[in-house]
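Here's a quick look around a protein model, one region at a time. Have the sequence and the 3D view ready.

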Amino acid sequence: DFDHPDVVAEMERWGVWVARELDLDGMRLDALKHIEDRFIAGFMDAVRRERGEAFYAVGEYWKDGFEALEKYLDVVGHKVNLFDVPLHYKLFEASQKGRDYDMTNLLDQTLVTVYPTLAVTFVDNHDSQRGSSLESQVKSWFKPLAYGLILLMKEGYPCVFYGDYYSMKGEGSPHRPILDILLDARRSRAFGEQTDYFDHPNTVGFTRSGDAQHPDSGLALLLSNGEDGEKVMSVGVMHANETWHEITGSYDDELTIGDDGKALFKVHGGKLAVWVRKKD
């Protein structure tokens, strides 16, 4: 009963204790829609008075509609990040509809677009699995595309589901090889400004320009939910005349960035393609 002051005081005392005892840098707050909003705001204030303003919190507020999450963020004073459930449902719908899903809408009305510093992006989790009351499992064919999106984009804090990387029910995940490629690309290539190309219903993508602090950084991502696609995209004039190649195994051929920083990038139907500078 979070309307009872003794309960509130005890829970705040416990939050401070557990954060100090375990030397925590942050915590995940479960099932927020079932907890009094005002309590959460006060709880985070109490913990941060002890652990510092940088103490992190991500909350699970499971609502499909963007408006509900936006309202919650306002009520709690933007004191917690939230899992981007609206984006998850868009990824789920895209995986269900295939080429009939308009990819230009993939990021509309999502936390990562409207509140990028408060969004924890994810593809699936334990609650979305087949047989769950919140069943909304992204189909296997679309998972590499979905993870390419959240791991390589500039905004959001991406979260990889244990079952997608390791296993579910003792069966090894078929997605681990592509996830290793994408995670390595995130660590070494996904830097610099992002330029979006969500301008075609079946073929979309973005580029990252890279930066001087990370040698060979920069990339071009394309996603297709239909036929083979291609798109002229700019990675910046700083990459002019460089040789780039595709790292997921979709293409063996190479391409050369033009004097204007642009090139024609390709992707196979129903796949993703990640193009990066070929190291010397």
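## Around helix 4

What covers the buried residues of helix 4? The cover includes helix 3 (66-75), strand 3 (81-83), helix 5 (111-114) and helix 6. Helices (H or I, at least four residues) and strands (E, at least two) are DSSP runs, numbered from the N terminus. This is a predicted model: local features need pLDDT of at least 70, side-chain atom pairs count only at pLDDT 80 or more, and totals for chains, interfaces and linings use all residues. Residues are numbered from 1 along each chain as its sequence is written, and side-chain values use heavy atoms, leaving out hydrogens and water.

Buried means under 20% relative accessible area, with exposed over 50% and partly exposed in between (1.4 Å probe, protein chains only). In helix 4, the buried residues include Val 85, Pro 86, Leu 87 and His 88. Just past this helix, Gly 98 has a positive phi of about 60°.

## The nonpolar cores

A nonpolar core is a set of buried Ala, Val, Leu, Ile, Met, Phe, Trp, Tyr and Cys residues joined through side-chain atoms within 4.5 Å. The largest one here has 59 residues, and Leu 29, Val 80 and Leu 91 are among those with the most contacts inside it. Helix 6 (residues 143-152) gives the largest share of this core, seven residues. Another core, of 14 residues, lies apart from it and includes Tyr 197 and Leu 255.

## A buried serine

Ser 209 sits in the loop between strand 8 (203-208) and strand 9 (219-224). Ser 209 is buried, with a relative accessible area of 17%. Leaving aside neighbours within four places in sequence, Ser 209 is in contact with residues including Phe 191, Glu 193 and His 239; contact means heavy atoms within 4.5 Å.
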